[in-house]
Amino acid sequence: MKNIEIHSGAIKDIRRVDTSYYGNPRYSFMINDLKVYTPIDSLLGYSIHNYLNKKVVARIGDHYNRVTLKSIKEVAA
């Protein structure tokens, strides 16, 4: 993963996208008007719904020309 940036804001508009080859879920979501995808075969796909409409700090980077989530952490409001 390259071009890693830190974004803070609320997670909105979570949508399911095609599953990985091994059947693990993948999602897209919006943070600060940026469409981000969860990584392939990652536990982040299972936990992204825990952050819906909550303020978070997310590390986001480019992975094969797709904006991909690297890590996420909830922050106190």
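This is a predicted model: local features need pLDDT of at least 70, side-chain atom pairs count only at pLDDT 80 or more; totals for chains, interfaces and linings use all residues.
Me: Which pattern do the helix and the strands follow along the sequence?
Reply: The chain holds one helix and six strands. Read along the sequence, these elements give the pattern β-β-β-β-α-β-β.

Me: What is the radius of gyration of the chain, and why does it agree with a compact globule?
Reply: The C-alpha atoms fill a box of roughly 35 × 25 × 20 Å along the principal axes. For 77 residues, a compact globule would have a radius of gyration near 11 Å. The value for the chain agrees with this, because it is 12 Å.

Me: What share of the contacts with a separation of 6 or more joins residues 24 or more positions apart?
Reply: Contact means heavy atoms within 4.5 Å. Among contacts in the chain with a separation of 6 or more, residues 24 or more positions apart account for 46%.

Me: How many residues does the largest nonpolar core have?
Reply: In soluble globular proteins, nonpolar side chains tend to be buried together. In this chain, 36% of the 77 residues count as buried. The residues with the most contacts inside the largest nonpolar core are Ile11, Phe29, Ile31, Ile48, Leu69 and Ile72. The number of residues in this core is 14.

Me: Which elements give two or more residues to this core?
Reply: The core in question is the largest nonpolar one, and Phe29 and Leu69 are among the residues with the most contacts inside it. The elements that give it two or more residues are strand 3 (26-31), strand 5 (55-63) and strand 6 (66-74).

Me: Is threonine 38 buried or exposed?
Reply: Threonine 38 is found in the loop between strand 4 (34-37) and helix 1 (44-47). Beyond four places in sequence, its contacts include Pro25, Arg26, Leu44, Gly45 and Thr68. Isoleucine 48 is in contact with threonine 38 as well as with Ile14, Tyr27, Phe29, Leu69 and Ile72. The relative accessibility of threonine 38 is 0%, so this residue counts as buried.

Me: Why does serine 28 count as buried?
Reply: Serine 28 has its place in strand 3. Leaving aside neighbours within four places, serine 28 is in contact with Asp13, Ile14, Arg15, Val17, Lys35, Val36 and Tyr37. Buried means under 20% relative accessible area. Serine 28 counts as buried because its relative accessibility is 3%.

Me: What is the relative accessible area of glutamate 5?
Reply: Glutamate 5 lies in strand 1 (residues 2-10). Leaving aside neighbours within four places in sequence, glutamate 5 is in contact with Ala58, Arg59 and Ile60. Glutamate 5 is partly exposed, and its relative accessible area is 45%.

Me: How is alanine 76 classed, buried or exposed?
Reply: Alanine 76 lies in the segment after strand 6. Its C-alpha atom is separated by 28 Å from that of proline 25, 51 residues apart along the chain. A residue over 50% relative accessible area is classed as exposed. Alanine 76 has 74%, and therefore it is exposed.

Me: How far apart are the mean positions of the positive and negative charges?
Reply: The chain has 12 positive and 7 negative charges. The separation of their mean positions is 3 Å.

Definitions and conventions. Residues are numbered from 1 along each chain as its sequence is written. Side-chain values use heavy atoms; hydrogens and water are left out. A nonpolar core is a set of buried Ala, Val, Leu, Ile, Met, Phe, Trp, Tyr and Cys residues joined through side-chain atoms within 4.5 Å. Buried means under 20% relative accessible area, exposed over 50%, partly exposed in between (1.4 Å probe, protein chains only). Helices (H or I, at least four residues) and strands (E, at least two) are DSSP runs, numbered from the N terminus. The radius of gyration is taken over C-alpha atoms; the globule rule is 2.2 Å times the number of residues to the power 0.38. Lys and Arg count as positive and Asp and Glu as negative; His and the chain ends are not counted. The place of a charge is taken as NZ of Lys, CZ of Arg, CG of Asp or CD of Glu.
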